[in-house]
Amino acid sequence: MCGITGIFGSLRKEEFEKSIHRMSTSLIHRGPDDNGVWIDEKNGIALGHQRLSVVDLSVAGHQPMMSPCGDFSVVFNGEIYNHLQLREELNNSKGKQSWRGYSDTETLVAAFSQWGIEKTLNRLVGMFAIAVWHLKSKNLYLIRDRFGEKPLYYGWSNNVFLFGSELKALRAYKGFNNLIDRNALSLYMRYMYIPAPYSIFKNVYKLEPGCILKIDKRGMTQSPKKSLIEPFNSKGVSIEKWYSLSCVAKNSQNNLIKDENKALELLEEALIESVKSQLISDVPLGAFLSGGVDSSVVVALMSKISPYPVKTFTIGFEESAFNEAVYAKDVAKHLGTDHHEMYITAHDAYKVIPKLHTLYDEPFADSSQIPTHLVSELARQHVTVALSGDAGDELFGGYNRYLWGERIWNKIRWMSPIMRKNTGTVIKKIPVHIWDRVGHLLPNKYRVASMGNKAYRMANRLKIVNSLDDIYSSLVTEGFNEDGLVYDNGLVLKTRLSTTNVADINDSVHRMMLWDSLTYLPDDILTKVDRAAMGVSLETRIPFLDHRLVELAWRLPLSMKIKNGDSKWPIKQILYKYVSKELIERPKAGFSVPVGQWIKGPLREWANDLLDETRIQREGYFDHKLVRQLWDQHLSGLYDQTPRLWAILMFQAWLNDYKVPKN
């Protein structure tokens with residue numbers, strides 16, 4: 001795992017050297033083991049690399065790396081799990097190659113030489129962000145993996161094209177002075193993250209999953225005027241899809257596996273193969289374990305394959321309603337892992353909060369970022385690589401919204417918009433703590449954690465939904481940008497949550513799962529894990545995102561994924577071969593943290609300072625009166641405004657540190 005960065009522009013050699021070293025050094029946390037730069041002043045290109053050595057720890061894995069043919073200079077962040085098999089193909093098709101070492105980067109550049117870029121990409125199994133300079137054509141290529149496991153930002157500043165694994169690399173460029181994109185800020189307040197291709201800055205973007213950007217000298221000086229949300233060709237810049245999950249989902253509808261036994265057999269084989277391929281490492285390796293279905297099946301299969309006890313890691317909370325560490329401990333004991341756990345308090349959270357804006361570089365408000373970073377810190381004390389169970393929910397119907405969406409719509413579709421709005425008002429007249437008590441008193445099968453939060457969110461949704469797809473769209477938003485809360489430019493930016501991206505999917509629940517896989521998974525879940533882990537130089541791997549496994553999952557009918565109201569049914573059937581049902585079956589809580597309680601209690605002084613009315617008014621991004629109203633409502637206990645307030649607090653903390661020019 002590494003950090004990559006680069007500059008494409010007309011600069012003097014001294015400027016190139018200073019800038020690329022400064023940009024690369026800003027990513028040292030992603031790769032503390034080695035670093036390197038490559039500069040071609042004549043053609044205006046510089047590449048930088050920070051290396052976290054995981055496979056082939058020798059100098060043979062040093063980057064930037066030239067291809068054997070001398071046509072490609074490459075910097076690469078990620079892991080290619082099938083690179084040894086690719087070496088065999090390369091040897092067989094062109095005779096025995098002369099290899100300096102056994103790093104996957106060396107395999108990658110050799111493949112580019114022999115097969116070209118796109119044909120190589122289609123052969124790769126892994127996670128990656130890659131920058132390739134083609135010396136003959138004088139084109140720069142930026143490439144992101146199929147599902148967005150590894151990040152890649154790019155943009156224009158002062159007539160120079162910049163890119164990097166994180167925004168901090170672009171910000172480290174001396175001439176960087178881009179302004180905040182207020183319309184992107186509005187998106188952030190709705191989704192709690194900034195959806196790709198946008199970033200918090202104007203003229204800076206995230207390369208979307210499965211895309212390849214090509215740029216030549218004509219395009220290096222200024223951002224194209226055309227929207228970057230769809231593949232396009234502009235003067236000197238083009239973005240194309242080299243992999244489309246939407247197409248995979250669409251085509252799978254006509255190729256479903258309807259035999260349950262066959263489906264389970266193929267799924268178990270694919271999971272075992274994926275886990276096995278991701279255990280390759282020259283450094284210590286372990287896994288995150290929450291005690292839920294997805295992480296437990298990953299650890300169970302690791303234990304089946306590994307000759308040694310698997311090192312597992314989990315975080316617990318003093319607040320019992322949020323604590324799942326006890327379940328993880330039971331699963332770890334059953335599987336015989338070398339288990340490590342740490343219980344955190346509000347004080348521990350407070351120590352993390354000042355780091356968050358540095359870790360994420362732009363406002364990011366999924367509060368589970370806190371325990372994710374802490375469990376990464378815990379793991380890094382023992383291992384360099386950790387496997388996780390992420391993406392199981394999106395692939396196998398694990399989120400509660402997949403169960404609730406259609407049920408809710410069927411119950412409320414007869415109501416007029418006025419009646420739905422009034423019902424929402426009544427729900428919010430009952431205090432959050434009363435709803436929480438109701439959720440806790442329900443029988444185990446129906447018990448709902450944080451029922452007050454969920455009831456209030458549903459009350460808000462009742463006021464705006466007019467279709468089943470509206471229900472789903474609202475269920476992926478944690479907060480709503482009330483009229484006038486953000487002082488934006490009134491432009492609603494187009495995102496992947498457009499219905500056109502799932503229009504070819506017949507089943508409404510599968511549409512939502514595809515939406516999540518295209519947006520929430522890369523922009524929230526994978527972003528959260530990557531930054532939290534790489535902030536402590538920990539590589540994370542996600543077995544569920546082996547593309548062969550993903551494509552197989554889309555061939556399973558929805559009735560097999562959610563069977564008789566039981567989500568992730570096929571994964572559970574595999575898991576129950578290794579772990580008893582009693583250790584797993586319980587209400588889904590997720591990796592949530594009680595920040596709503598903390599900001600009213602031990603973190604209140606910190607929150608008060610950032611939400612100060614005078615400060616908000618002076619900075620000019622939010623309506624200070626509305627912010628004050630949200631804060632007063634939350635403190636009173638009548639309303640739980642945690643999502644909105646946490647989003648505002650994360651923006652304020654970020655703004656406070658970075659001192660961005662006001663626009």
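Mentor: Let us begin with a term: two strands pair if DSSP finds at least two bridges between them. Please keep in mind that this is a predicted model.

Trainee: Which residue in β9 stands opposite Ser 157?
Mentor: Strand β8 covers residues 153-157 and strand β9 covers residues 160-164, and the two run antiparallel with 5 bridges joining them. Ser 157 belongs to β8 by its number, and the residue that stands opposite Ser 157 in β9 is Val 160.

Trainee: By how many degrees are neighbouring strands of the open sheet with parallel pairing turned, on average?
Mentor: This sheet has 5 strands in the order β16-β15-β14-β17-β18, and its edge strands are β16 (338-344) and β18 (539-541). Within it, 3 bridges join β14 (residues 285-288) to β15 (residues 311-317), and Gly 286 stands opposite Lys 311 in β15. From one strand to the next, the twist averages 30 degrees.

Trainee: Which strands does α9 lie across?
Mentor: Helix α9 comprises residues 293-305, and its direction is at about 155 degrees to that of β14. The strands that α9 lies across are β14, β15 and β17 (385-387).

Trainee: How is α8 oriented relative to α9, roughly parallel or roughly perpendicular?
Mentor: The axes of α8 (residues 260-277) and α9 come within 10 Å and cross at roughly 70 degrees. Angles from 65 to 115 degrees count as roughly perpendicular, so the orientation of α8 to α9 is roughly perpendicular.

Trainee: How many nonpolar residues does the contact of α8 with α9 have?
Mentor: From α8, the residues taking part are Leu 271, Ile 272, Val 275 and Lys 276, and they meet Val 298, Leu 301, Met 302, Lys 304 and Ile 305 in α9. Sorted by class, this contact has no polar residues and 2 charged ones, while the nonpolar residues number 7.

Trainee: Where is Pro 64, which a cis peptide bond joins to Gln 63?
Mentor: Most peptide bonds are trans, whereas the bond between Gln 63 and Pro 64 is cis, with omega of about 0 degrees. Another cis bond joins Ala 196 and Pro 197, with omega of about 10 degrees. As for Pro 64, its place is in the loop between β3 (45-51) and β4 (65-66).

Trainee: Is Ala 391, with its positive phi, buried or exposed?
Mentor: Phi of Ala 391 is near 85 degrees, and this residue sits in the loop between β17 and α13 (392-396). Buried means under 20% relative accessible area, and since the value for Ala 391 is 4%, this residue is buried.

Trainee: How compact is the protein, judged by the globule rule for 663 residues?
Mentor: The protein has 28 helices and 18 strands. Its radius of gyration is 24 Å, close to the 26 Å that the globule rule gives, so the protein is as compact as a globular protein of that length.

Technical notes
Residues are numbered from 1 along each chain as its sequence is written. This is a predicted model: local features need pLDDT of at least 70, side-chain atom pairs count only at pLDDT 80 or more; totals for chains, interfaces and linings use all residues. Side-chain values use heavy atoms; hydrogens and water are left out. Axes are lines fitted to C-alpha atoms, for helices over the stretch in contact, and angles run from 0 to 180 degrees between N-to-C directions. Helices (H or I, at least four residues) and strands (E, at least two) are DSSP runs, numbered from the N terminus. Angles under 35 degrees count as roughly parallel, over 145 as roughly antiparallel, 65 to 115 as roughly perpendicular and the rest as oblique. Contact means heavy atoms within 4.5 Å. Ala, Val, Leu, Ile, Met, Phe, Trp, Tyr, Cys and Pro count as nonpolar, Asp, Glu, Lys and Arg as charged, and the others, Gly among them, as polar. The radius of gyration is taken over C-alpha atoms; the globule rule is 2.2 Å times the number of residues to the power 0.38. Buried means under 20% relative accessible area, exposed over 50%, partly exposed in between (1.4 Å probe, protein chains only).
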